[in-house]
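These are my notebook entries on one structure, set down in the order in which I looked things up. The sequence and the model come first.

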Amino acid sequence: MSTFLYKVVYQLGAAPWERLAEVPAARQLLAMINSEESGRQPPFGPALDIGCGTGGWSVKLALRGWQVTGIDIVSRALRTARKRASEAGVDVRFIASDVAELQATGIGNGYRLILDIGTVHGIPESNRKAASCGITAVAAPNATLLMYAFKPERRGPLPRGMSREEIEATYPGWRVTDEQPFDLTGIPESTRNDDPRWYRLSRV
C-alpha cells in the first residue's frame, strides 16, 4: 500500500490491523512474545515495532518490560500512539519514519525483538530489500523478528503479501524458525481467503 492510502485508511478509522488485539489470533502473537521472555526477567531489552500504527502493541510490550521504539509513516496514528502510551504510564519512543529508510532515522541498534504485524508484506516490492537491510542493521546479533503476512497475490492497492520463500529471500541474514497459520476465528471472510500466517525469524 502507498503512504497516501495508509493515511486515508487512518483518516477513515478503518485500519483492520488495529483490531488484532481483539481477536483470538492475538493469543498466538502473545505466545510467541512469551517465548522470547521465557527464563528472563524484565527489563527485556530494546524492541522495535515496525509500522506501529496507533501503538497498541508498542504499549503492550512496554508494559511487559521492553524498551520500545515504534515507527510509522502516518502522523495521525502516531499522535494517537503517544496519547495511548501516556495514558498507560509507559515510556515509548515513537518516530515518524518509512520502514525502507530505517537507518536514516537514527533509532540506534541492538534491538532484540522486532514486530512486523503486516508492514513489509504491504510495501512495494522495490522497497522490501531496503527495509530488510535496515531492519538487519539495527537488530541485535541474536534478534528475533515476529512477522505477519498474507500469501502473495495481486490485490490492487492492498498488500500483495509474501510467501515463506519470499521472506527468506528478503531476509538472507535470518532463518525462519516457526510458521503457523493465523487463527481465523472472528476474522472477516475476505481476510480468511488471504491465508494469513505468523512467522518467527531468528538472526543468524
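**Entry 1. Order of the elements.** From the N terminus on, I read the elements of the chain as α-α-β-α-β-α-β-β-α-β-α-β-α-β. The secondary structure comes to seven helices and seven strands. Helices (H or I, at least four residues) and strands (E, at least two) are DSSP runs, numbered from the N terminus.

I note the basis of the entries here. The model is predicted, so local features need pLDDT of at least 70 and side-chain atom pairs count only at pLDDT 80 or more, while totals for chains, interfaces and linings use all residues. Residues are numbered from 1 along each chain as its sequence is written, and side-chain values use heavy atoms, with hydrogens and water left out.

**Entry 2. The chain as a whole.** I looked up burial: of the 204 residues, 50% count as buried. Buried means under 20% relative accessible area, exposed over 50%, and partly exposed in between (1.4 Å probe, protein chains only). Among contacts between residues at least 6 apart in sequence, 69% join residues at least 24 apart. Contact means heavy atoms within 4.5 Å.

**Entry 3. The sheet.** In which order do the seven strands of the open sheet stand? I find β3-β2-β1-β4-β5-β7-β6, with mixed pairing. Strands count as paired if DSSP finds at least two bridges between them. β3 (93-96) and β6 stand at the edges with a single partner strand each, so one side of each has no neighbour in the sheet. Neighbouring strands are turned by 15° against each other on average, direction ignored.

I then took the pairs in turn. β1 (residues 45-50) and β2 (residues 66-72) are parallel and share six bridges; Pro-46 stands opposite Gln-67 in β2. β5 (residues 139-149) and β7 (residues 197-203) are antiparallel, also over six bridges, and Leu-146 stands opposite Arg-200 in β7. β6 (residues 174-181) is joined to β7 by seven bridges in the antiparallel sense, where Glu-179 has Tyr-199 as its bridge partner.

Entry 4. Helix α5 (residues 125-138) lies across β1, β4, β5, β6 and β7, running at about 140° to β5. Axes are lines fitted to C-alpha atoms, for helices over the stretch in contact, and angles run from 0 to 180 degrees between N-to-C directions.

**Entry 5. Helix against helix.** Two packed helices are described by the angle between their axes and the distance between the axes. How do α3 and α4 cross? The axes of α3 (residues 56-64) and α4 (residues 75-88) come within 9 Å and cross at roughly 30°. That makes α3 roughly parallel to α4; angles under 35 degrees count as roughly parallel, over 145 as roughly antiparallel, 65 to 115 as roughly perpendicular and the rest as oblique. The crossing is right-handed, a term for the near helix being turned clockwise from the far one by less than a right angle. Gly-56, Val-59 and Leu-63 of α3 make the contact with Arg-84, Ala-85 and Ala-88 of α4. I count these residues as four nonpolar, one polar and one charged. Here Ala, Val, Leu, Ile, Met, Phe, Trp, Tyr, Cys and Pro are nonpolar, Asp, Glu, Lys and Arg charged, and the others, Gly among them, polar.

Helix α2 (residues 25-37) packs with α3 at about 35°, the axes being 12 Å apart. This crossing, too, is right-handed. From α2, Ala-26, Leu-29, Leu-30, Ile-33, Asn-34 and Glu-37 meet Trp-57, Leu-61 and Arg-64 in α3. The contact divides into six nonpolar, one polar and two charged residues.

**Entry 6. Single residues.** Pro-43 lies in the loop between α2 and β1, and the peptide bond from Pro-42 to Pro-43 is cis, with omega near 5°.

Asp-195 lies in the loop between α7 (189-192) and β7. Asp-195 is not a glycine, yet has a positive phi of about 50°. At 30% relative accessibility, Asp-195 counts as partly exposed.

Beyond neighbours within four places in sequence, Ala-143 is in contact with Tyr-111, Arg-112, Trp-174, Leu-201, Ser-202 and Arg-203. Ala-143 and Tyr-111 are 32 residues apart in sequence and 6.6 Å apart in space, C-alpha to C-alpha.
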